[in-house]
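Please keep the viewer open as you read.

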Amino acid sequence: METVTVERVIDAPIDEVFAWLTTTTHYTSSPLVVRCRLTRHGEGAPYGVGAVRSHLWLVGWFRERITHYDPPYATEYVVERSLPPSRHELGRMTFAEVDGGTEVRWTTRAEIRLPLLGRPLTGLLLRPILSRTFGNILNAANTALTQRPQRRQV
């Protein structure tokens, strides 16, 4: 089982950062993410508790269910099904107001479930792929939330 944590400070208000990062259709801003859909709305909010998300990455397919939703401070999820098969214990994003914006901490704990190859592949592939993809998504959030329209000089 590998734990991967990626952190960023995004120069935007906490409620905007939370809204952007919990709307997983934005994840296609990462070059490794092909498609993301909300397949079932959650309780009280589209991405609230019970929501089901479907993600297609270049490396596989994942169906996730939201298990905790506390806007704008935290959300948690579990991967219910995936190809290749994986075991997933934790998916969590936490948000905190800090000088300079909002600190986001994205943590997941998972492993590839394949006889004999699962453990080595988890360390060699899963960790770097998740780190890079989470980082790309956080960078995309930063760009989307901090980009200001340029004024044209007359």
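In this predicted model, the side chains of Glu89 and Arg87 meet in a salt bridge, with 2.8 Å from N to O. Glu89 counts as partly exposed at 43% relative accessibility, and Arg87 is also partly exposed, at 37%. Salt bridges with shared partners join Arg87, Glu89, Arg109 and Glu111 into one network.

The total comes to nine salt bridges. Three of them are listed here:

| Salt bridge | N to O distance |
|---|---|
| Arg65 and Glu80 | 2.4 Å |
| Glu76 and Arg92 | 2.9 Å |
| Glu89 and Arg87 | 2.8 Å |

Arg65 sits in strand β4 and Glu80 in strand β5, so their pairing ties together parts 15 residues apart in sequence. Arg65 is partly exposed, with a relative accessible area of 29%, and Glu80 is partly exposed with 33%.

Glu76 in strand β5 and Arg92 in strand β6 link distant parts of the chain, 16 residues apart.

Now for the nonpolar side. Which members of the largest nonpolar core touch the most other members? Of its 32 residues, these are Ile10, Val17, Leu21, Phe95 and Trp106. Elements supplying at least two residues each include β1 (2–10), α1 (14–22) and β7 (101–112). Helix α2 gives the most, with eight residues.

Definitions and conventions. Residues numbered from 1 in each chain as written. Predicted model: local features only at pLDDT ≥ 70, side-chain atom pairs only at ≥ 80, totals over all residues. Heavy atoms only, no water. Core = buried A, V, L, I, M, F, W, Y, C linked by side-chain atoms within 4.5 Å. Buried < 20%, exposed > 50% of the residue type's maximum accessible area, 1.4 Å probe, protein only. Helix = DSSP H or I, 4+ residues; strand = E, 2+ residues; numbered from the N terminus. Salt bridge = Lys/Arg side-chain N within 4 Å of Asp/Glu carboxyl O.
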